[in-house]
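Below is a short report on strand pairing and nonpolar packing. Please keep the sequence and the 3D view open while reading.

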Amino acid sequence: MVRHGPLLIAAALVVLALILAAGCTGTTPAQSGDLKKFNSTDEIRTYLKENTAKASEAGYGVTNGVMRTTAESSMTVPAAQGTGKSISDAGGLSGAPDYSTTTVQVAGVDEPDFVKNDGRYIYIISGNRLLIVDAYPAETAQIISETEIDDTVQEIFVTGDRLVLFTTGASEYSGRTAPAGASMEKVSMPYYYGGNTITSATLYDIADRKNPKVLKDFSIDGNYVDARMIDGMVYLLTRENLYSYDNIVVPVVRESGRVIAEPGVYYFDNPETSYVFSTVTSFDTASGSEKDAKTFLLGSGNILYVSTDAMYVSYQRWHPVYRTYTGDVVPVAAVKAEDASGSAASVASAGITYEEFNKLSESGKQEVVAALKDPESTAWKREADQTTTVIHKIAIDKGNIAYIAFGEVPGYLKNQFSMDEYGGNLRVATTSNVYTRTGSYEYNNVFVLDSGMKTLGSLTHIAEQEKIYATRFIGDRLYMVTFKRIDPFFVIDLADPAKPAILGKLKIPGYSDYLYPYDKNTIIGVGKETATNDWGGVSTRGVKLALFDVTDVDNPKQIDKVEIGIAGTDSAALYDHKAFLFDKGKNLLVLPIRQVASGDEKVTSGSGSGQQIWYGAYVFGVTPQTGFVLRGTVEHGTASGGSYWYGSSANEVKRSLYIGNDLYTISTAKIVASDLTNINTTVKTIPLTGGPDYPDIPVKSTG
């Protein structure tokens, strides 16, 4: 006779959680509830206390977001335009006929940056100053305007004769009022709860570039998260933390200190362990008028993707776990013990407690024990996700803002390129990092969600024990790079949204952090080279440019690669896509580089022993036929020493752009203008003012 003591039952509970989680790929219905609006701060306070308690006690099951439609709008969300660069209006200036714009994810959706240009002028944030440089022609380039900013400067937009400057600072207001028509009392936030942070969006008239004038000064309660601009309409996302549920402060929008919009607070019945006020505000750069504002009670959003028609705000959920005395990891969950049939399979996928196990019918308990008896069965190999990503979809149209729906998928996002809208659907790539009864386990997934954020299709457990380093959705394909010891470059078919499938993959040393489409059959990758070290592990080497041919989707090929520097070499483009400059028509690829070299390799000045550091940019031509062809380099500075760390020098190049036939590389210290026909020729150097006075101090090698 077999006895099942407490240890055996505890293990059985683990197995049950694992069995149920195995079939969970974003298909369990989310909690129901339409979008609602609070009428008072008392309602908000009560809701927060009740729902955070529910979330903390229950944990979460992976959900498939049920549509939450609001009657405010019937806007539809068609497919995004794909990948490309934004094109801002040059405003009729006497500038160059062609010039580069900010490298963006979606064509027609401009992204803010600390540098912009319009074919004649360069606009740049330098420390606490906004500088305008008359940059074209390069021979006579000079700073013509300096505007000192009191608050912390974030980013800018430029369109025609308008410039939008985003800043954050402490609020001058001790209290705030509730939305119009509601009975929300005026409440102040005590200093020890973090004070009142505001984000300002200042609209400048820059028709006279030498004398920018403030047209409007909007301020929104909360911290700056991100923004986008579509056809001159700016959409700003701010976030305000709720430090104390006894001190509810409702966000408002002000113009020059006067309240012009009280968005109200919208919510739905979806418990979170913590909440923030996420406010989306839109305004027209042409008229200078505020168009719309909505505040949503969400989890803390950290990654934003925006198509031409919708804004997707995402955040992670961590599903609480505890370790039993047997050493197994069991998700904590409040679950229904069984349905009317008494089947153990009806138990929620988030897990089960010992008490809930006892509530099962005898047949349900037998199912658990039966799974336990066969350690070689697939039940033992299943896992329960402890991290999921919630994605909220908000429609945007000519300044109008309307909540549409939310969805939830297993895993976490790498960055904004992990999401893409196409054919009315949202495609999402995630990495799942889970704990099983045998230890930590990592793998990758692709999900397709429909316009109502319900899961249409999924592809899971890709590249087990690796994580995503780069993704790029292009049309009905996904190109994805994962890495642990070697770089699998995947081509994934999304032509049938219900059935994502791997078409082919390529395994090579190194990895890519960023992927950019040269054309439909050729992909550029930027990352690091790797090599096996003396201890059998993998060591990172220099910055790597790779060129992939995906003409034969079943057998992608690396047709060329370039390695720059040795271990410790780095590039801003590995972390920020706006630092990458590519123009197919000009046969131009510019990569900012902080290069670590040995001996006299690349470094042309400096003194001292140890590794040498070179700061500048590499300029390439690239075609599928020639591969990468070095056209020249632009130097901003050098240093030397025994150890180095990244980001310490004012000479590190962060951005590059071109106007006409001149290339401009930008570091904190200077703008260097070079001739595109002869990159090694410096046309003009423009020292920048207002930036941090960084010395060229050693930077620690990561090799």
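Predicted model: local features only at pLDDT ≥ 70, side-chain atom pairs only at ≥ 80, totals over all residues.

## Sheet, hairpin and cores

Residues are numbered from 1 along each chain as its sequence is written, and side-chain values use heavy atoms, with hydrogens and water left out.

Strands (E, at least two residues) are DSSP runs, numbered from the N terminus. Two strands pair if DSSP finds at least two bridges between them. Strands of a sheet pair through backbone hydrogen bonds, either parallel or antiparallel.

| Pair | Bridges | Example of bridge partners |
|---|---|---|
| S17 and S18 (residues 310–318) | Four | Ile303 and Ser314 |
| S41 (residues 670–675) and S42 (residues 678–687) | Six | Ser674 and Thr682 |

A hairpin through two residues joins S41 to S42.

Next comes the packing. A nonpolar core is a set of buried Ala, Val, Leu, Ile, Met, Phe, Trp, Tyr and Cys residues joined through side-chain atoms within 4.5 Å. Buried means under 20% relative accessible area (1.4 Å probe, protein chains only). The largest nonpolar core has 39 residues; Met311, Tyr312, Ile394, Met419, Leu426 and Val428 touch the most other members. Elements giving two or more residues to this core include S17, S18, S21 (387–397), S22 and S24 (425–436). S22 gives the most, with six residues.

Which residues does Met311 contact, leaving aside neighbours within four places in sequence? Met311 is in contact with Tyr235, Val280, Leu304, Tyr305, Val306, His392, Lys393, Ile394 and Ile396. Contact means heavy atoms within 4.5 Å. Another core lies apart from the largest one; it has 25 residues, among them Tyr518, Val562, Ala572 and Phe620.

Finally, consider Asp420. This residue is found in strand S23 (residues 419–422). Is Asp420 buried or exposed? Asp420 counts as buried because its relative accessible area is 7%. Not counting residues up to four places away in sequence, Asp420 touches Tyr305, Asn425, Leu426, Arg427 and Phe473.

How values were computed. Buried < 20%, exposed > 50% of the residue type's maximum accessible area, 1.4 Å probe, protein only.
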